[in-house]
Amino acid sequence: MSRVLLVGKGAPDRGGIPSFVETLLGSRLADEHDLRFLNLAHTGTPQGGRATVGNLGRTLRDAAAVWRDAGDRDIVHVHSALAPAVTLLRAGLLAWAGRVRGCTVIVHAHGGGIQSWLSKPWRRGLLRWAMRPAHRVVAVWTAGRDLLQQVLPPERVTLIDNGVAVDVPRATGADHGTPRILFVGLLTPRKGVVDLLTASRLLRERGVQHELRLLGGTPDEGPDAEAQVRAAL
């Protein structure tokens, strides 16, 4: 039985990482291994990816918490996006905190923004430096794995696709007549919500009646991104 420290954001945060970590904690892995979760969620205004005093202070406190909680662990499993630069450096610092405690360090790379962000040589160099403490980097999509293997030693990059629970009963709803489209996710242009609104407008102009509903909240990058979505409604 491995003693694992899961590091990432959980409730009350929303999004891919909290959902993924919750799945791990509720899976058979929790019975086969000693899993402990270090929840790095905060209640302040989201400032993801920005170089602010608040982010710097939180990063230093979180790194200290990883160092403290990793003392009796075998593995430190960090869940983070790897772009932009501030987020990447944060992930690297959390990985170093686990490495200096003598743990095997895994960085689980979430988010597709890395594909466009790694277009410049200095960013690739920053990724190589920030991921030096990681024994293994896990990609969750094929294009991400291929890109990371171009920057990092290929043997250190592993692809583990996000899973889908197949044993959940599927509800069979009644026909509503007018088609209903439901978007569930963070309200940010990077999730394609503005594109979805544009597509909806084109359908309406072509006489295709439908209902579009958005269910979500403020993304990690802050309220300005949500405001762009609301302005496009």
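Modeller: A salt bridge is a side-chain nitrogen of Lys or Arg within 4 Å of a carboxyl oxygen of Asp or Glu. Side chains of opposite charge can pair when their charged atoms come close. This is a predicted model, in which local features need pLDDT of at least 70 and side-chain atom pairs count only at pLDDT 80 or more, while totals for chains, interfaces and linings use all residues. Residues are numbered from 1 along each chain as its sequence is written, and side-chain values use heavy atoms, with hydrogens and water left out.

Searching the whole structure gives eleven salt bridges. One of them links R28 to E32, with N and O 2.9 Å apart. R28 is exposed at 57%, and E32 is partly exposed at 38%.

Another salt bridge joins R68 and D69, whose closest N and O atoms are 2.8 Å apart. Here R68 is exposed, with a relative accessible area of 52%, whereas D69 is buried at 16%.

A further salt bridge is formed by the side chains of E211 and R213, at 3.0 Å from N to O. E211 has a relative accessible area of 30% and is partly exposed; R213, at 45%, is partly exposed too. Elsewhere, D34, R36, D72 and R73 belong to one network, joined by salt bridges that share partners.

Conventions: Buried means under 20% relative accessible area, exposed over 50%, partly exposed in between (1.4 Å probe, protein chains only).
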